[in-house]
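Here's a quick briefing to read alongside the model. Have the viewer open as you go.

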Amino acid sequence: MSIHATPGGQYRAKWRDPSGRQRSKNFATKREARDFLATVRTSASNGTYVDPQAGRLRFAEHAEAWLSSTTGESTTRARDASVMRTHVLPRWGDWQIGKIDHLSVQGWVSELGRRRSPATVAEALRLTSGVLRSAVRNRLIPFNPCEDVALPRRRKHDHDDRVVTRDQLSGLLLPAVPTRYRMFVAPTAWTGLRWGEAVGLQSDALDLAGGTLRVIRTVVEVSGNTDYKPYPKTGAGRRTVPLPRWLVPQLRDHVARYGLGERGLVFPNAVGKPLRRTLFRSRIWRPSLVRAGLLGSVEHTGSKEFTGRWIDDEGRANALTRETYAAAVKAVASAAGTGLRFHDLRHSYATWLVDDGVPPNMVQRVMGHESVTTTLQLYTRRTENHDRILDALGGSMLGADGPDDDDPDDGPAGAMAVLR
């Protein structure tokens, strides 16, 4: 290691990196050059040496290499690529990774949080941090500037993990679902299957004689294309689920009427292929919610006028008119807020079981959860039962003997005064 003055009045520090190659860097003062070489000497001795020139690599280049090296499910990789393309690369793609600092990342996260949901911001930061963590491990930069970046708070919304009651499901929603898909929604709701598990259910996993179904495979959807996966989401996901007795003959009739799809699919689309989530949501699920009165409403307001109304996620009232009932339903389904999600049928199933006193460990098994904590904390939202609360309060505010005629404050006016 050495320091030499340059003709331009600077000081050039020279050293050899761990591979033996000669390196140099100019500084304004001799002290800065000396301090830098001391840092190089220390990092080389403890194995943390980072080439000062390596940080010039563009973020997009390393991000591409990092994404291509990751392992995981095809759906996860597709989601990560989408978030990277939509949110991360537009901000950091052209940056040299060595120029990205903590303050810049925090500012980006805060700005993105004003435009996108907390979940989206968290995913964008996770991917950004993953790329830069890889850069640290590959000795391109000395530290990860994403560490200790504060994320926007995740707040619960009214539409988060909604629960539909059994009466609402059987009396309102199911009658509003087109006949062909009614026997797809009902078994999913009364068995707690995930979307991919229900779509991927094949005849060899359905035991109508025994009144059970087995979850042994799923269907995944990536970029509009469906594919079969010969195993469920987790190890605990491989399970046997009992069917309600009344559901068995209806399932048998459904199969007899519509037949099986490719590979023995029990719930195929009209051409025998697996159902696609995005199309089912827009064409079947959300219009059914509207017809059931669970996502806005449509009423006949004129000879050729149907008015659709809904309250959006911000609490604002909205209305539109169309010439036909079907057109109004379609418009409300497209424009309305979040509403009940198909996955909320699974939340509802777990809630029904817990509310009815089924032991949590049994709920855990039929839900296919790795941990009972997941069952209790994430998927069960106890339904509101105000009668139980009022019964617990019991008694009379004024006492068992009622008001005292000699004391005017014990009469109705006095009671109202207390309430006020």
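Where is Asp148 found? Asp148 sits in the loop between helix 5 and helix 6, with helices being DSSP runs (H or I, at least four residues) numbered from the N terminus. Heads-up: this is a predicted model, where local features need pLDDT of at least 70, side-chain atom pairs count only at pLDDT 80 or more, and totals for chains, interfaces and linings use all residues. Residues are numbered from 1 along each chain as its sequence is written, and side-chain values use heavy atoms, leaving out hydrogens and water.

**Positive phi in the loop**

- Most residues other than glycine have a negative phi.
- Asp148 isn't a glycine, yet its phi is positive, near 65 degrees.
- Asp148 counts as exposed because its relative accessibility is 74% (exposed is over 50%, buried under 20%, partly exposed in between; 1.4 Å probe, protein chains only).
- Arg139, in the loop between helix 5 (118–137) and helix 6 (166–176), also shows a positive phi, about 60 degrees, without being a glycine.
- At 40% relative accessibility, Arg139 counts as partly exposed.

**Helix 3 against helix 5**

- Helix 3 (residues 74–92) packs on helix 5 at an angle of about 80 degrees, axes 9 Å apart.
- So helix 3 is roughly perpendicular to helix 5 (65 to 115 degrees).
- The contact residues split into 7 nonpolar, 3 polar and 4 charged (nonpolar: Ala, Val, Leu, Ile, Met, Phe, Trp, Tyr, Cys and Pro; charged: Asp, Glu, Lys and Arg; polar: the others, Gly among them).

Definitions and conventions:
Helices (H or I, at least four residues) and strands (E, at least two) are DSSP runs, numbered from the N terminus. Axes are lines fitted to C-alpha atoms, for helices over the stretch in contact, and angles run from 0 to 180 degrees between N-to-C directions. Angles under 35 degrees count as roughly parallel, over 145 as roughly antiparallel, 65 to 115 as roughly perpendicular and the rest as oblique.
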